[in-house]
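Dear colleague,

I am handing over the structure below, and after it you will find a written account of what was found. Please read the two side by side.

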Amino acid sequence: MGRFIRFSGLATFLLILAGLAAIFLLFLNTWIKLAVEIGAGSANGAEVNVGQVSHTLSPLSVTLEQIQLTDPTNPDQNRLFIARLSGGIDLLPLLMDKLIIPELSASGIRFDAPRDSAGDVYAKPTERMKNLFQMPEDSELPGVEEILAKSPLKTDKAVEQARETYARYQQQISEQYQSLPGEETLNDYKQRLDSLQNTEFKDAAALAKAREEFEQLQAQLREDKGALKQFKGSVEEARAALEQQIIQLKAAPQRDYDLLKGLLVGDAAALGEVTQALFGEKVRIWSERLFAAYHVMAPMLARTQQNQTEQRRSEGRFVPFAETRPLPSLLIGKAELSLDWQGQTLSSQWQDITTEHDKLGRATRFSLSSQSSPLWQSLSTTGDFWLGKEGLKANQDWELTGIQLAQQTLLGEGKLTSSLERGQLDSAGTLSIERNQLSGQGRINLSQLELSAKGSNRLTNLLADTLRKLQELKIEADVDGLLDAPNVSLRSDLDRKLGKVLAENVSGEAKARLEELSQKLNARADKALGTQNSNLQQLINWQKVAEGNLDSIEQMLNSQFKNVLDRQKDKLKDKLKDKVFGN
Amino acid sequence: MRLLAKFLKALNSEASPWQIALGITLGLIVGLTPLMRLHNLVILFLLLFFRINIASFLVAFGFFSGLAYLLDPVMISLGESVLTAGSLQDLWTAWYNSSVGRLSQFNHTLTMGSLVLSLLASPLVLLASRYLVLQYRQRLMVWVSKLKLVQALKASRLYQIYESLGN
């Protein structure tokens, strides 16, 4: 036995195993720390730091503390800070290269927490356009001709539509008119009818022939009546359509004036999108918090999925086979995430967090609900998302009431600066994502507002005055665009109010330009109105002619050949009486 | 250098040619396949538990590890063919669904290809290396020791190490 077996070798083997186990256990926390920092850093696109790691072997669990995810757009801040993250790990799936965490809890989550030192950025995000409020000086305003040349005018459109409408009916009506009986024809009908009615027929054959002619005339009259009716119908339809176009044409210059006066007295974008300019950036930040599931977690999960695929194709590849119990590579059954926000704690519940929803067959679901606190009355949001082959598919709805807004800068640069001193926010809405395409609507009601604002020229001073008086604002928000380039557009009656204020406070020079604009718009419409009014008059005349001719035909059709017959009968009766009574 | 000296000593010693040949064969398997694999732990156990020459194993491991860089494309291609062979799918699927199967990483094309190649080559390497050890001892050992080069080497540090091993 000793010739083949080396018992000292067995001891060495066990010693090596024990040494490996000791090294594994000794450095396990460090390896987990490094693995999380590298893996999460790659998913985050910027440096990730883990403060402390601890683990237990039975049951297998890991606890991470002080996790910092650098914000790639602002490396001095953490996009996310998690004070403590702990969860158990299923051992058997881990042997099969699958990380299954039945329950996970995370507490002390904070957004935008400052970092001690700037973190490294691995994937530079695309720069967001700065949203400045650039109101021009009076001298920078464009001229009337320039505005008219560049703007798609409703007046021009109305002129064209009126012309097209008339042209569309004109040919048909002209053709119909050509086929109508003229005045001469009608007079001829009348003469023939009179002749038939006034002729004294001497015998029955002549009477029968006259009756036949009368019936032919009646048939012709009925045919002409039909054509006239059709013509009249066409004319009436054309008249109604043209009248409608003329109404629009009359209103178009005023509409253009209302839209374009902003261009003459200020910046159109600034006037039309003042709500966007004022609250757009804040709403974007709020929406990133509200849609954190998609803005933070889903992209990280998607990147994790991508990294797994990339790593496995380096040297050789892992050939996948059918699994008897298919499990995703990463699955967190249940998670409770506690978010710290302005001294308050918000708890959210998550189910089935994974990178492979197609394999799991269920979406990741989440909900957050919080009742009364010093900073809000109630917060509620629920949603789900599914990372599939065709991108992200998700739904979320929210209802937030009575959120107390702290002092914050709305516009820090540009010709108008503004800050929100205090206010209360209510919001509700829905968002859905299909193949990474966003679609959502929401309302944001701001009340108990106190805004400070300062302008740097006459126009922005006017806007600042209006903003300072603003106490409430109802904003309609539309969300669209792609997941990585979302577009949140805001509108409110503030845009109209500010436009009105500016229009009422324009300078003398601007007033003259407004007058010029009005005149030029009216001039464009007047010429077309003259043409279309004469066209309308033509239609009215045709209608009258058609009605007159129809009356004539109607009268002719009402005349009866019976009268002629009656007369002939009376004559025969008279003759018979004479013969019988011998008169 | 110390390792090479040990290997030379084993060649020139009374160590069984089978022990040296087995060491070389196991070195072939560990050298050609990726190191951090479950089967290599089994080989380590065999190497230590049975009286297999460790020096020859280590020298062979070093040599075949270098050779593996050249053979990687061939072994990946071989692994791909074996893993995608229709007749073996049931076997691989069953193996894939077991913890040991997953730990072995058998479904990695390079792992499978290199393991298949080294296992196919091992009987040949085993017999060939035993034959070469015997031939060396019978024909070359005395002739080599008479070479001027070897005599010069005997005066060198390598020889001193070689000698010290005997003590």
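**What was found**

In chain B, 86% of the contacts between residues at least 6 apart in sequence join residues at least 24 apart, a contact being two residues whose C-beta atoms, placed from the backbone, lie within 7 Å. The corresponding share for chain A, again among contacts between residues at least 6 apart in sequence, is 68%.

Please keep in mind that this is a predicted model, in which local features need pLDDT of at least 70 and side-chain atom pairs count only at pLDDT 80 or more, while totals for chains, interfaces and linings use all residues. Residues are numbered from 1 along each chain as its sequence is written, and chains are lettered from A and ligands numbered from 1 in the order in which they are written.

**Chain B**

Chain B has nine helices and zero strands, where helices (H or I, at least four residues) and strands (E, at least two) are DSSP runs numbered from the N terminus. Of its 167 residues, 34% are buried; a residue counts as buried if 20 or more other C-beta atoms lie within 10 Å of its own, as exposed if 12 or fewer do, and as partly exposed in between, with C-beta atoms placed from the backbone.

Helix H4 of chain B (residues 54–84) has 31 residues, yet its end C-alpha atoms are only 36 Å apart, short of the 45 Å that a straight helix would reach at 1.5 Å a residue; the expected span is 1.5 Å times one less than the number of residues. H4(B) also bends by about 65° at B:Leu71, with a proline, B:Pro73, following within four residues, where the bend is the angle between axes fitted to the seven residues ending at a position and the seven starting there.

The UniProt record, in an unreviewed entry, places the feature "transmembrane region" at residues 16–35, 42–71 and 112–133 of chain B; UniProt positions are given in the numbering used here, feature names are shortened, and annotations may be inferred rather than shown by experiment. Residues 16–35 of chain B are 80% helix and 0% strand, with end C-alpha atoms 27 Å apart, while residues 42–71 of chain B are 87% helix and 0% strand, with end C-alpha atoms 23 Å apart.

In the loop between helix H6 (99–104) and helix H7 (109–146) of chain B sits B:Gln105, which has a positive phi of about 55° although it is not a glycine.

**Chain A**

Chain A comes to 14 helices and 14 strands, and 28% of its 583 residues count as buried.

Several of its strands pair, which requires that DSSP find at least two bridges between them. Strand S4 (residues 99–114) and strand S5 (residues 330–341) of chain A run parallel and are joined by eight bridges, one of them setting A:Glu103 against A:Lys334 in S5(A). S5(A) then pairs with strand S6 (residues 344–354) of chain A in the antiparallel sense over 10 bridges, and the two form a hairpin with two residues between them, where A:Gln342 in the turn has a positive phi of about 50°. On S6(A), A:Leu346 is the bridge partner of A:Leu339, and A:Gln349 that of A:Glu336. S6(A) is joined in turn to strand S7 (residues 364–370) of chain A by four bridges, running antiparallel, with A:Gln351 opposite A:Arg365 in S7(A).

Strand S6 of chain A also holds A:Asp352, which has a positive phi of about 60° although it is not a glycine; A:Asp352 counts as partly exposed because it has 19 C-beta neighbours inside 10 Å. Elsewhere in chain A, a cis peptide bond with omega of about -5° joins A:Ser58 and A:Pro59. Most residues other than glycine have a negative phi, and most peptide bonds are trans.

The largest nonpolar core has 42 residues, and among those touching the most other members are A:Phe279, A:Val283 and A:Ile444; such a core is a set of buried Ala, Val, Leu, Ile, Met, Phe, Trp, Tyr and Cys residues joined through C-beta atoms within 7 Å. A second, separate core of 28 residues includes A:Val159 and A:Leu221.
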